[in-house]
Amino acid sequence: LDWNQSGLTLKQSLLERFPYLKGKSEWLVKESSFFKSGWTYTLMAQGCLGVRRISGEHVCDSASPTLLPDNDMPGIGCIFNCRVGSYLLRTLSPEMKFREGYLSRFPLPDRIPIVLNTIENTCLTIKRWYVDRDLTERGFSEINAVSNSLNSYYKVLAMNIERASAVLHTLESISEKEVFSAYGLMDDEINQVLHETGTPAGWFP
């Protein structure tokens, strides 16, 4: 990203490409959210909110809105990523793209369970390990493993990744139950949410 002179070249390029902006590059370039810690998500998720943690090294655009809570809110990622979160946003938004304005109206529970902070941090750690093993990711890191062949090495890596995925699904299932409980939902209400959004993988036997 060329951000010399506060991104002047990028902004001019966007204004030339999209004349309907009429000089308002901020519609696409959310400069106020650049290089800040928070959460981001994609507008292309078709009604399923899935936030990702970002550090102060990232920038996001209009297709990946940024959520920057005023105060540190441990466990908020679990709340946003729970199925009840997607369900509530579908009732607020007239389309399957969740714009920032609708996220600002997101009804949070009165209390965020403390355990969600632990689940959130554990999921982030495992996911980071998972991504670091992907050759196509910028954060790919060298993997130290003793193996006699590429084939056997791949089998070990695949097995470890499957184990990590199983743990993530398990943590997700626990998180979902904690969030449902935080909202005080009854069984019939939970069933309605699951009917609309699908059953968590970790809930299957």
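**Close-up views of a predicted model**

**View 1. An open sheet of three strands, in the order β2-β1-β3, is paired in antiparallel fashion.** At its edges stand β2 (52-54) and β3 (66-67), each with a single partner strand, so one side of each is left without a neighbour in the sheet. Strand β1 (residues 38-40) is joined to β3 by two bridges, the two strands running antiparallel, and Trp39 has Leu67 as its bridge partner in β3. As in the views that follow, the coordinates are those of a predicted model.

**View 2. Helix α7 (residues 187-197) and its buried residues, Ile190, Val193, Leu194 and Thr197.** Seen down the axis of α7, these buried residues fall within an arc of 95°, so they line one face of the helix. They pack against α3 (83-92) and α6 (150-182), whereas Asp188, Asn191 and His195, on the other side of α7, are exposed. Just after the helix, Gly198 takes a positive phi of about 100°.

**View 3. The aromatic pair formed by Phe80 and Phe106, one of two aromatic pairs counted in the model.** The ring centres of Phe80 and Phe106 are 5.1 Å apart and the planes stand at 70°, so the pair is edge-to-face. Because Phe80 lies in helix α2 (residues 76-81) and Phe106 in the loop between α4 (100-103) and α5 (115-132), the pair ties together parts that are 26 residues apart in sequence. Both Phe80 and Phe106 are buried.

**View 4. Lysine residues placed over aromatic rings, including Lys127 over the face of Tyr130.** Lys127 lies at 5.0 Å from the ring centre of Tyr130, and Lys177 lies over the face of Trp203, at 5.7 Å from the ring centre.

Definitions and conventions: Residues numbered from 1 in each chain as written. Predicted model: local features only at pLDDT ≥ 70, side-chain atom pairs only at ≥ 80, totals over all residues. Heavy atoms only, no water. Buried < 20%, exposed > 50% of the residue type's maximum accessible area, 1.4 Å probe, protein only. Helix = DSSP H or I, 4+ residues; strand = E, 2+ residues; numbered from the N terminus. Arc of directions from axis to C-beta. Contact = heavy atoms within 4.5 Å. Pairing = 2+ DSSP bridges. Phe/Tyr/Trp six-rings, centres within 6.5 Å; stacked < 30°, edge-to-face > 60°. Lys NZ or Arg CZ within 6 Å of the ring centre and 35° of its normal.
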